[in-house]
Amino acid sequence: MKKFLVNIDTNDYGIGYFLNRLYDEKKAQNEEITEADLYPFIDQYCGFNITDLLICINCQYSIGKSEVATDGFTKYERTEEIGKPVDYKEWFNGLYHIFKDFGIDPLAVWFKRSRDLGFFTWMSVRTNDCHHPEREVSYMRSDMIYEAMEKGMTVGEKFDYFKNCMDFSYDKVREYLLSYIDEQLGRYDCDGIELDFMREILCFDLAKTENPHLIMNDFMRKAREIIAKHEKNYGHKIKVAIRLNRDITESKAFGFDTVTYEKEGLVDAVIVSPRWSSNDSDMPIKHWKSTLQNTEIYAAVDTLSFANDPRCASTPEVIRGFVNRYLSDGADGMYYFNYYMHPFTRLPGEEIRNILCKEVFETCKDLKTVQKLSRRYLVTFQDTCPEGFTPYTPLPITLDGAPKTLQVNLGSLKGTKSVTLFVGLKGLKPEEVKIKVNGKEVSSFERKDPKPSNLWYIPKKMNFTCNCGYVPEGSLTYACDIELNKAGAYNLSFLAESGEITYLEFATQPK
């Protein structure tokens, strides 16, 4: 059975919405809060063939009580940070009072509840989160980040959004994270721990640090020693997973030597992942599987296909396309990031998120299921790449009189009745471009828009029912039915004197 893993962002919907609303409602009714009142946050994931839940315990601050990292309880009581007045009570109100007034640790309840319900339950640790770099102070920021910013232990200003990522070439940064892992594993029993280095993978200034993988190899060995200590204390194995960039070689350039991890037994699973702004349509899962034959390989999807404004979510049909591709390529399971729900659905934005999540959970559970349903395969791009490497960005294709080619792999098309190709053109008409699919020229294109996307993140001043498209502005799309290739391998060729191919989608229908 393939694994179905869902990462729950407890900072966002757990702390900011669920606990605050639960506390406010119980207070208004003058009722006590019990551990059972916190169960719905986990129970809502039952009934979908989800095998694993990953419960995130931190961003930059710690959600769980901590003497190592600044925790939410400390943030609640803060009135000043770096000389600036702050008031974070609104965000941490529920967390703080449920613990202080009723003696309930929400994370402890959620870990136990998840395991009691039969989920393989992971502690997910964001190793280098950098949210809110534009803010001088932030409810998300820990004292360690402030110290790193002050003392030059971050990767630096040239990295823009990622400028506040801690630099792991500093001993204090690595020791801080190891101490936090040790502390939190001592607080919460779990089946596995995920080291989420896609929040964020920029752990070094690669221009200044030679062989960063040697530093991280030592870090991973020490982390494994800590985990082994807790395995002995709890009396069971604690699996180790690490979430990384799409490519083995690129991950090593970032500092993560997965070949050594397998050789030394440092990790049990690698989660191959995009970062956020695009679901990567061509992650080399087969290469991961052939290289790391004794490590579980999971393919990750996020909620966005393109981080346009408004942001375009991956609809369930689109996610089914990715699932078919990566399970066909041999992935040991699918990992869903940002697919978290809210048990209270009173606001439009909450309801649409739950509807989309539930359809993904119901229809993306395995190959057999997705191959009985319609799917969409969007050609997207790689959104994270180390310096010195060329990212996978197949579009746009600029036409200049010479043939341009692109290979697209959809995975097995078993059970598929038909395939429709959508092509986005900019600066030319369909009769001005010669398009071949697997060597056969296509000549019967008609003007047609692909299905819209859903809005996952609800922009201000926009009704939540609005749809937006994946197609870049200024482009027109044309569609044509193409010959079914059961292996899902399509070689495309484009020839025109000028213009651009800006969008490609393969829409499949089941028999």
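How many nonpolar, polar and charged residues are in the lining of the second largest pocket? The fourth view gives the counts.

This is a predicted model: local features need pLDDT of at least 70, side-chain atom pairs count only at pLDDT 80 or more, and totals for chains, interfaces and linings use all residues. Residues are numbered from 1 along each chain as its sequence is written, and side-chain values use heavy atoms, without hydrogens or water.

**View 1. Eight strands close into a barrel.** The order is β1-β2-β5-β6-β7-β8-β9-β12, with parallel pairing. Strands are DSSP runs of E of at least two residues, helices are runs of H or I of at least four, and numbering starts at the N terminus. Two strands pair if DSSP finds at least two bridges between them. From one strand to the next, the twist averages 25°. Strands β1 (residues 3-8) and β12 (residues 333-336) share 4 bridges in the parallel sense. Phe4 has Met334 as its bridge partner in β12. Helix α5 (residues 106-116) lies across β2 (52-56) and β5 (120-126), at about 175° to β2. Angles run from 0 to 180 degrees between N-to-C directions, and axes are lines fitted to C-alpha atoms, for helices over the stretch in contact. Contact means heavy atoms within 4.5 Å.

**View 2. An open sheet has 4 strands.** Their order is β15-β21-β17-β18, and the pairing is antiparallel. Gln407 has Asn491 as its bridge partner in β21.

**View 3. Strand β16 is largely enclosed.** Strand β16 (residues 416-426) has 8 of its 11 residues buried, so the rest of the structure largely encloses it. Buried means under 20% relative accessible area, exposed over 50%, and partly exposed in between (1.4 Å probe, protein chains only). With β22, β16 forms 10 bridges in the antiparallel sense. Here Leu421 has Phe506 as its partner in β22. With β20 (residues 476-482), β16 forms 7 bridges, again antiparallel. Val419 has Ile482 as its bridge partner in β20.

**View 4. The second largest pocket holds about 220 Å³ of space.** Of its 15 lining residues, the closest to the centre are Phe306, Leu395, Pro396, Pro472 and Thr502. On a 1 Å grid over the protein atoms alone, a pocket is an open set of points with protein on both sides within 12 Å along at least five of seven lines; a cavity is a set where a 1.4 Å probe fits but cannot get out; lining residues have an atom within 4 Å of a point. Grid points are joined across faces, edges and corners, and a volume is the space filled by probe spheres set on the points. Strand β22 (residues 500-510) gives the most to this pocket's lining, with 3 residues. The lining has 8 nonpolar, 4 polar and 3 charged residues. Ala, Val, Leu, Ile, Met, Phe, Trp, Tyr, Cys and Pro count as nonpolar, Asp, Glu, Lys and Arg as charged, and the others, Gly among them, as polar.

**View 5. The largest cavity holds about 130 Å³ of space.** Of the 14 residues in its lining, Ser281, Arg325, Leu378, Val408 and Asn409 are the closest to its centre. Helix α12 (316-328), β13 (375-378) and β15 each give two or more residues.
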